[in-house]
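Okay, thanks for coming, everyone. Let me put the structure up, and then I'll walk you through how its parts touch each other.

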Protein chains: 2
Amino acid sequence: MKLSCIQENLHKGLQVVGRIARPGGSLPILSNILIKTEKGRLKLSATDLEIGISGYIGAKVEKEGALTVPARILIDCISMIQDKKINLEVDKETLSIKSEKYSTKIKGIAASEFPLIPQIKEKDTTSLAASIVRESISQVLIAPAIDESKPVLSGVCLKLGDKKIKIAATDSFRLSEKIINLEQETEKKEAVVPARTLSEVLRILTLTESSSVSIRLSENQIMFIIDSVEVVSRLIEGSFPEYESIIPKETETTSTLDASEFQNALKLCNLFAKETGGTIKLKIEKDKIIVSSSASLVGENTSTVLAQNEGPEVEISFNARFLLDVLGVISSPTVSLGVTGKFNPALIKIPRKNDFLYLIMPLKEG
Amino acid sequence: MKLSCIQENLHKGLQVVGRIARPGGSLPILSNILIKTEKGRLKLSATDLEIGISGYIGAKVEKEGALTVPARILIDCISMIQDKKINLEVDKETLSIKSEKYSTKIKGIAASEFPLIPQIKEKDTTSLAASIVRESISQVLIAPAIDESKPVLSGVCLKLGDKKIKIAATDSFRLSEKIINLEQETEKKEAVVPARTLSEVLRILTLTESSSVSIRLSENQIMFIIDSVEVVSRLIEGSFPEYESIIPKETETTSTLDASEFQNALKLCNLFAKETGGTIKLKIEKDKIIVSSSASLVGENTSTVLAQNEGPEVEISFNARFLLDVLGVISSPTVSLGVTGKFNPALIKIPRKNDFLYLIMPLKEG
């Protein structure tokens with residue numbers, strides 16, 4: 001292999017691709033990045049066997065070839081090169097990186113030992129605006145289960161059909177659902193995507209300036225295409241719970257309040273909620289919500305948030321963290337909280353919007 | 001105790017004072033902040049028995065009193081209160097914090113159990129511009145020994161006399177010395193200050209907008225006065241090494257080079273210097289310095305930095321980290337490196353300035 005490329009492009013490409021190459025695993029080659037000439041471009045790939053990410057950058061290819069090199073040192077090295085043009089050359093299993101002021105050699109492992117990253121060759125299932133994908137993923141990613149004892153709950157469910165995509169996740173204590181409306185009808189399909197895959201997509205969307213994201217779904221895999229970057233991931237087997245039936249159509253008490261004041265009151269109360277595992281109490285009165293918590297050894301807090309409330313007064317307890325999670329991912333200045341008595345799931349929505357909801361189970365005692 | 005004060009002032013005061021109050025030590029009260037009314041102001045104090053920090057903020061005092069409360073929760077709580085005015089009241093061993101929207105109670109420990117923080121009542125030994133103190137501390141603090149096997153080397157030596165202060169630190173592998181010229185003569189004095197004390201002073205200088213720093217020296221203690229903040233610290237016993245004699249008056253080879261290019265070349269080489277404990281080689285040629293390193297398992301790097309060199313060509317090895325440390329704390333665009341053969345200490349200076357020098361021992365082999 002022999003080629004030249006622009007430092008900035010190579011640096012960016014490596015940043016996008018390289019994070020999932022992690023040292024310390026069972027297979028040393030998984031901490032490497034595969035660099036390979038392909039159709040007059042340089043292809044960079046990394047995989048952890050669950051997710052594979054490939055990116056293409058422009059290059060002047062003199063001689064075809066491929067090698068895998070340790071991701072960490074390659075990324076650090078390229079990021080520090082201050083020359084504009086970089087020449088890459090592979091000699092046996094060594095990559096040499098030359099530019100005006102710097103000359104580096106990095107030892108690698110033959111490309112033939114790198115795992116094959118599958119591709120989905122069928123046509124796109126759908127294509128979405130990048131800004132909507134970014135918002136949707138960040139709003140849903142707060143809810144999947146962290147432990148993987150029930151694998152489907154550690155994933156995010158995508159349900160296509162009826163000219164929309166429903167994206168949902170739940171750890172059985174709370175549920176986050178986002179609906180993206182589509183202009184064109186798609187095939188009816190359902191898939192559970194590992195949460196980690198979506199957080200990689202989110203990371204790549206913030207690194208690139210892509211305006212759209214294409215999605216391809218096959219039986220066992222999903223592929224996201226973001227400009228010249230492809231993220232391929234396995235799907236999680238199993239059926240996602242039929243959650244729609246537990247979402248209340250209406251709630252008895254509905255509060256509308258300032259999101260940042262609510263967030264602040266919760267943070268303050270959360271300081272005194274460690275003893276009780278994060279339990280805080282909301283007292284929904286006529287025109288305000290009183291948030292309170294207490295810790296016998298440390299102290300207590302009561303915060304008042306003005307609110308427009310409809311329906312009966314009620315006292316209800318929640319895990320403060322679960323409320324803070326949702327307030328951290330909505331950009332709306334106000335939020336609505338719907339409650340039906342102290343034992344039924346409560347509903348958080350954005351006023352006058354129907355594309356997002358967050359369902360949260362109350363705690364038994366405050 | 002009963003008083004009211006401005007949230008912003010209290011928050012800032014707690015940030016300045018609170019960091020040295022650390023939980024988990026042998027004495028639980030050392031994780032608390034002492035709050036106390038004093039001459040119509042509110043005094044905040046914390047100590048770790050080596051360093052004591054006190055700060056004063058304006059307050060409307062209705063009733064005198066004092067209490068100690070856990071620093072972490074008090075700081076977090078005050079930082080989240082979004083009301084302008086805060087009322088503090090002590091009832092037995094509980095502090096209540098009330099403002100328009102929030103009401104908090106924090107349990108504390110009686111003020112009588114808090115260790116006495118000594119004060120130096122004598123007049124100021126000297127007073128310096130804050131900007132000079134900030135620069136000097138950051139330039140010298142790279143050099144003290146981290147382990148405390150030789151206590152004086154874990155400190156910074158202040159030597160007053162001849163209308164200047166010499167500030168120096170060394171871990172016996174490198175030495176950093178800064179000279180501040182004074183307008184007025186001071187008493188001849190020498191003191192070794194714990195490095196941690198100076199890093200607290202540095203931190204406080206970046207938090208406050210003070211334009212000057214007063215210093216008071218007594219037999220066993222030093223006090224820094226930064227606006228309404230007082231930092232008192234014990235001194236380290238023992239004599240600091242007589243380092244002046246090992247500073248070479250002249251060097252055979254002198255290079256002048258771009259500091260940021262040198263820094264970048266060193267960082268890049270340092271990637272390949274882990275196997276050799278950070279050893280990099282400098283080859284000083286006629287008009288350039290070639291920085292190189294190699295690691296048998298990983299790879300190698302050679303970087304070229306253009307330089308104006310006088311004197312014979314020479315090859316010399318250093319610990320890259322020690323060179324990077326000094327390049328990280330000088331703001332000059334160029335730096336000069338003076339070398340006398342490959343075995344003598346090298347000297348880093350800022351061209352056309354005589355107030356700072358950094359002496360560094362070469363390594364035996366590259």
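So, to start: which strand of chain B is joined to β9(A) by bridges, and do the two run parallel or antiparallel? Keep in mind that this is a predicted model. The partner is strand β21 of chain B, residues 299–310, and the pair runs antiparallel, with 5 bridges joining β21(B) to β9(A). If you want one spot to look at, find T104(A), whose bridge partner in β21(B) is N301(B).

Now zoom out to the whole contact between the chains. Chain A puts in 24 residues, and chain B puts in 24 residues. On the chain A side, the elements giving two or more residues are α2 (71–80), β9 (102–107), α5 (259–270) and β21 (299–310). Sort that side of chain A by class and you get 9 nonpolar, 9 polar and 6 charged residues.

How many residues of domain 1 of chain A are in contact with domain 2 of chain A? The count is 10, and they meet 14 residues of domain 2. On the domain 1 side, α1 (7–18) and β4 (51–58) of chain A each give two or more residues. The largest share comes from β4(A), with 6 residues. By class, that domain 1 side has 5 nonpolar, 4 polar and 1 charged residues.

That's my tour, thanks.

Notes:
Residues numbered from 1 in each chain as written. Chains lettered and ligands numbered in written order. Predicted model: local features only at pLDDT ≥ 70, side-chain atom pairs only at ≥ 80, totals over all residues. Contact = placed C-beta atoms within 7 Å. Helix = DSSP H or I, 4+ residues; strand = E, 2+ residues; numbered from the N terminus. Nonpolar A, V, L, I, M, F, W, Y, C, P; charged D, E, K, R; others polar. Pairing = 2+ DSSP bridges.
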